[in-house]
Amino acid sequence: MSAYFRKILAVLFSVLVAIGSLFSGSGNLTKHDLTLEFGSNPSTGCTWVVSVDNEDVVKYSENKYKADLSCPGVSGRGGTEYFYFDAAADGKATITMTYGHHWENGEVYRTVIVECESADSDIKVLNINDSAATV
């Protein structure tokens, strides 16, 4: 194998490792003030929609999906979706999350309402109302 070919393989391997760490969540040094995690299955067409009633206090930052890898080769398996929030100012805010076919007549299967308080760059959860908990 030529030295040139080995260098190309090394670069490709490095790129693949970097991409893999982005999707697996490793190597992410960003700290968020609140993380919420819920089951999710994008293969069903269901999505989570997030809204915050007071974005001056709590800001929705990002979400990441991690597939359940316990059953390799099984198509349509779900996973966990992580939602990250950051404190913007002191005060109270309500995070409302809905899971469903939002593109199909607005059909919602689960609603989670999280009441929280932000103080000193930290978010404290005061109450969670989860429609799935009553099923």
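These are my notebook entries on one predicted chain.

**Ground rules**

I am reading a predicted model, where local features need pLDDT of at least 70, side-chain atom pairs count only at pLDDT 80 or more, and totals for chains, interfaces and linings use all residues. Residues are numbered from 1 along each chain as its sequence is written, and side-chain values use heavy atoms, with hydrogens and water left out.

**Overall layout**

I looked up the secondary structure and found one helix and seven strands. Helices (H or I, at least four residues) and strands (E, at least two) are DSSP runs, numbered from the N terminus. Along the sequence the order reads α-β-β-β-β-β-β-β.

Next I checked burial. Of the 135 residues in the chain, 24% are buried; that is under 20% relative accessible area, with exposed over 50% and partly exposed in between (1.4 Å probe, protein chains only). The accessible surface comes to about 8,800 Å², computed by the Shrake-Rupley method with a 1.4 Å probe, and for residues only the protein chains shown count as cover. Carbon and sulfur atoms hold 57% of that surface.

I then looked at contacts, meaning heavy atoms within 4.5 Å. Among those with a separation of 6 or more, 60% join residues 24 or more positions apart.

**Strand pairing**

I count strands as paired if DSSP finds at least two bridges between them. S1 and S4 run antiparallel over seven bridges. Leu 34 sits opposite Phe 85 of S4. S3 (residues 58-67) also pairs with S4 in the antiparallel sense, over nine bridges. There, Val 58 faces Ala 87 of S4.

**The core**

I opened the largest nonpolar core, which has 19 residues. Such a core is a set of buried Ala, Val, Leu, Ile, Met, Phe, Trp, Tyr and Cys residues joined through side-chain atoms within 4.5 Å. Val 58, Phe 85, Ile 95 and Met 97 touch the most other members. Two or more residues each come from S1 (34-40), S2 (47-52), S4 (79-87), S5 (91-101) and S6 (107-119). S5 gives the largest share, four residues.

I followed Met 97. Beyond four places in sequence, Met 97 touches Leu 36, Phe 38, Trp 48, Val 49, Val 50, Phe 83, Arg 110, Thr 111 and Val 112.

**Arg 110**

Which strand holds Arg 110? Arg 110 lies in S6. The side chains of Arg 110 and Asp 130 make a polar contact of 2.5 Å. The term covers N or O atoms within 3.5 Å; within protein, one must be able to donate a hydrogen and the other to accept it, and residues adjacent in sequence count only if both atoms are side-chain atoms. Leaving aside neighbours within four places, the contacts of Arg 110 include Phe 38, Trp 48, Met 97, Ser 131 and Ala 132.
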